[in-house]
Amino acid sequence: MSWHLKEKLQKYLQAETGTIVFAPGARTGFALVYPNTYEVGMSNLGMHIIYQQINSRSDTSCERFFLPDSKTLTEYARTNTPLMSIENQLPLHKMDLIGFAVSFEMDYFNVIAMLEIGKVTLLSCNRGEEDPIIIMGGPCATFNPEPLADIADVFIIGEGEETIHAILDSYYEGRRQERTRYDILLDMAQLAGVYVPRFYQPLYSPDGIIQQIDRLDNVPPQISRQWIKDIDSFPAHSIILTDQTEFQNKFLIEVARGCGRHCRFCMAGYCFRRPRNRSLDNLKKVVDYAATMSDRVGLMGAAISDYPDIDLLCDYILQQGLSMSVASFRADSLSVTLMQSLASSGHKTITIAPEAGSSRLRNIINKNISADDIVRAVDLSIRSGVNNIRLYFMIGLPFEQDQDIDAIITMAKQIKQQMSALGSKGKLTLSINPFVPKPFTPFQWLPMNDLKDTEFKLKQIKSALKSIKGIEVLVESVKEAYIQAVLARGDRRLGELLIKAHNNGGPKGWRTAIKGSQLDESFYLYRERSKSEILPWQHIDTGVTNQYLLQELAKSAEEIITVRCADNCRRCGVCN
């Protein structure tokens, strides 16, 4: 045991406001794990939401665990200390239940690293009666749990506020009846929105495609994604504040959940449908509470500018003497009040996400904003005193042509000229990421764009813009994007590959792991799926029908726009 490690965790704890700490042994311990650093994890609102739900019970205490930095990892290894929690510095392997919040595919490597450091048995099939039950939730758990299916015991499919209580109730009842681990997991598998992968076995044909998914016991054929019907019934705001996060004591408030814009590339838009807004009265009460905790508020949601009472909410926040920021907004619904509120709160940069440079390609992906919308948003920003602009683009989108890449370059030049004409000496930043066709979107059947072609297009954009003062181009790691694509679209066979990669240094060991396996990366990346193929995630039911996804894929090829969700809409299947 290292006192240096305990002291470091205690310093995190001392810097926090709002932490709930129970004496060790007073309640059953639940390890809430974020597979990334403390600074990243405590910036994730989902962590706060589940933390509050678990600690609201009378039988369970939540202990948080985060990925140590490289220097601290070395100290853990040197002293043979198991990964410890923030609250009471308890070892991970001593917890009764372990819950991972998994938001990003590249964090799969960190999941394995943390289990190993925590001295927890990696494979679920090797865990015994005394081992903790490992639960995984979050976006990745919902849209494709299969790459981690040999590691997790239980997945929460969909929004977890209600499901976590059902799981805990089932667990305690099983313990009371002295049921075996197998029977406790079988009981959990009967719960709505709970997937226990050991009871589902994919069988593969010689070409590697899934032939069928066998159920090994009396479990449902499909697991239904859960979503909160009345989100006002569940608070969603910061519980713990600290200056040691990306947001530094900013009080986060969820304004809305889900999105009804039908962007065809967006997994979250399909897996967290339907769109739901919190009431203005409810949000005002949360803002009042926020004012007792912080002087800064961050509004969270898929598109804050789509919130119907956004101007009234902005006015109310500023009236309380608070500054504000937003997670995202859309150029076509940005209001003068919202823009001026951001400016008065000290914002120096606004972010606009055209995603594609041409209107043709925006129609294909159903990103229904026009060039005029973008010009108007830039104009509002500069005239409000926010002089820096960031644009998000994707390359390698379906049906992309050379002129679509040229359109990104043209748009960047035109916006920079517009900024200069308005008197702005600010920076224009292009953030460009390779497109990954995600599960449960209309593009789930399509192949990834060729890696070399993607790299060529990125070089083309950089070369065309490098001589223009005040423009920078930022690019996500292309190689990591292609690993992410394999993990996003992969099957259960990737679990062994992840462990091998971990043993070879994590993401850096991916290439070595692939070469030493029977799996072909191109099988996951570049193969167009048959529309009749059994996909790895096919036993998950998000509510959106395959028929609707296929209709959207056909409409994308014809460049036809789909309008946003409306009341009493029955198109996609979620609200039926």
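Predicted model: local features only at pLDDT ≥ 70, side-chain atom pairs only at ≥ 80, totals over all residues.
Trainee: In what order do the strands of the open sheet stand?
Mentor: Strands (E, at least two residues) and helices (H or I, at least four) are DSSP runs numbered from the N terminus. Two strands pair if DSSP finds at least two bridges between them. Here four strands form an open sheet, β15-β16-β17-β18, with parallel pairing. β15 (349-355) and β18 (471-475) are the edge strands, each pairing on one side only. From one strand to the next the twist averages 20°. Five bridges join β15 to β16 (residues 388-395), and threonine 351 has arginine 390 in β16 as its bridge partner.

Trainee: Which helix lies across β15 and β16?
Mentor: Axes are lines fitted to C-alpha atoms, for helices over the stretch in contact, and angles run from 0 to 180 degrees between N-to-C directions. Helix α14 (residues 371-383) lies across both strands, at about 175° to β15.

Trainee: How do α14 and α15 pack?
Mentor: Helix α15 (residues 402-421) packs against α14 at about 30°, with the axes 10 Å apart. Contact means heavy atoms within 4.5 Å. In α14, Ile374, Val375, Val378, Asp379 and Ile382 meet Met411, Ile415, Gln418 and Met419 of α15.

Trainee: Which residues touch the most other members of the largest nonpolar core?
Mentor: A nonpolar core is a set of buried Ala, Val, Leu, Ile, Met, Phe, Trp, Tyr and Cys residues joined through side-chain atoms within 4.5 Å. Buried means under 20% relative accessible area, exposed over 50%, partly exposed in between (1.4 Å probe, protein chains only). In this core of 177 residues they are Met136, Met188, Leu299, Ile352, Leu430 and Trp510. Helix α17 (residues 478-489) gives the largest share, eight residues. Beyond its neighbours within four places in sequence, tryptophan 510 is in contact with residues including Phe109, Ile483 and Glu521.

Trainee: Why does serine 61 count as buried?
Mentor: Serine 61 counts as buried because its relative accessibility is 6%. Serine 61 is in strand β2 (residues 60-66). Leaving aside neighbours within four places in sequence, serine 61 is in contact with Phe22, Arg27, Thr28, Gly29, Phe30 and Asn55.

Methods:
Residues numbered from 1 in each chain as written. Heavy atoms only, no water.
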